[in-house]
Every structure is written in C-alpha cells, then in structure tokens.
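The following exercises concern the structure shown below. Each task is followed by a solution in steps.

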Amino acid sequence: MRPKRAQLVATFERSGLSAAVFARQHGLHYTTFCAWRQRHERDQTSPGFVQVEVAPPPAPVELVIEMGTARLRLSSAAQVPLAACLLRSLQEVRSC
C-alpha cells in the first residue's frame, strides 16, 4: 500500500468517524476508500517476509576407542549404548 494511502487509513482508524464521513471529508470516493482499508487490513495480517537466523549445525564429534588392535569409532551420541554393550561383551569374552 502506498504511504499516503496507509497514512489516510491510519488517520481514519484514529478519527472515530464512519468510513463514509471520513471519505467525504477527504474528497475520496467511498468505495475506493473501502478498498484501501481492505488492502491495509490484508497487509497487516499477512506476515510477508520474516528474517530468521539458523544456527549452524554442530561440528561433528568423533570418539575413537582402541583396545589392542581393535578400534571402535563413534560419530554420534546415539551409538554410545551400543558401544557400551559391545565393550561389556568383549570384556566378558576375555575373562573366560
């Protein structure tokens, strides 16, 4: 909406007058002024573009566990329970 039109609609909203009286006082056609008001309302309710900032993804983390010649590489926290289970199993096998 053009700045002058937006300013007139804002003035109308503060005026307390009916749209017909306001349009007449400002030399506007009533239907034209109503269209401006509708456009203004639509512009106020549509979000348009919103700037957002996206955090960069976390740096990859890697954990390497070496046991003799065996090497276990973890690249996700979700792998920790499986690795713990594997290490327990390996420990039980060695103790026999």
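**Exercise 1.** Determine which residues form one aromatic cluster, and describe the pair of Phe33 and Trp36.

*Solution.* Step 1: the cluster consists of Phe12, Phe22, Phe33 and Trp36. Rings of Phe, Tyr and Trp (its six-membered ring) pair if their centres lie within 6.5 Å.

Step 1: In one of them, Phe33 and Trp36 stand 6.4 Å apart, centre to centre, with 70 degrees between the planes. This pair is edge-to-face, a label for planes over 60 degrees apart, while those under 30 degrees count as stacked and the rest as tilted.

Step 2: both residues belong to helix H3 (residues 30-45), three residues apart, about one turn of the helix. Phe33 and Trp36 are both buried, that is, under 20% relative accessible area with a 1.4 Å probe, protein chains only.

The model is predicted: local features need pLDDT of at least 70 and side-chain atom pairs pLDDT 80 or more, whereas totals for chains, interfaces and linings use all residues. Residues are numbered from 1 along each chain as its sequence is written, and side-chain values use heavy atoms, without hydrogens and water.

**Exercise 2.** State the order of helices and strands in the protein chain, and explain how its spread relates to a compact globule.

*Solution.* Step 1: the protein chain has four helices and two strands, DSSP runs of H or I (at least four residues) and of E (at least two) respectively. Their order along the sequence is α-α-α-β-β-α.

Step 1: the radius of gyration, taken over C-alpha atoms, is 34 Å, well over the 12 Å of the globule rule for 96 residues, so the protein chain is more spread out than a compact globule. That rule is 2.2 Å times the number of residues to the power 0.38.

Step 2: along the principal axes, the C-alpha atoms fill a box of roughly 100 × 20 × 20 Å.

Technical notes: Buried < 20%, exposed > 50% of the residue type's maximum accessible area, 1.4 Å probe, protein only.
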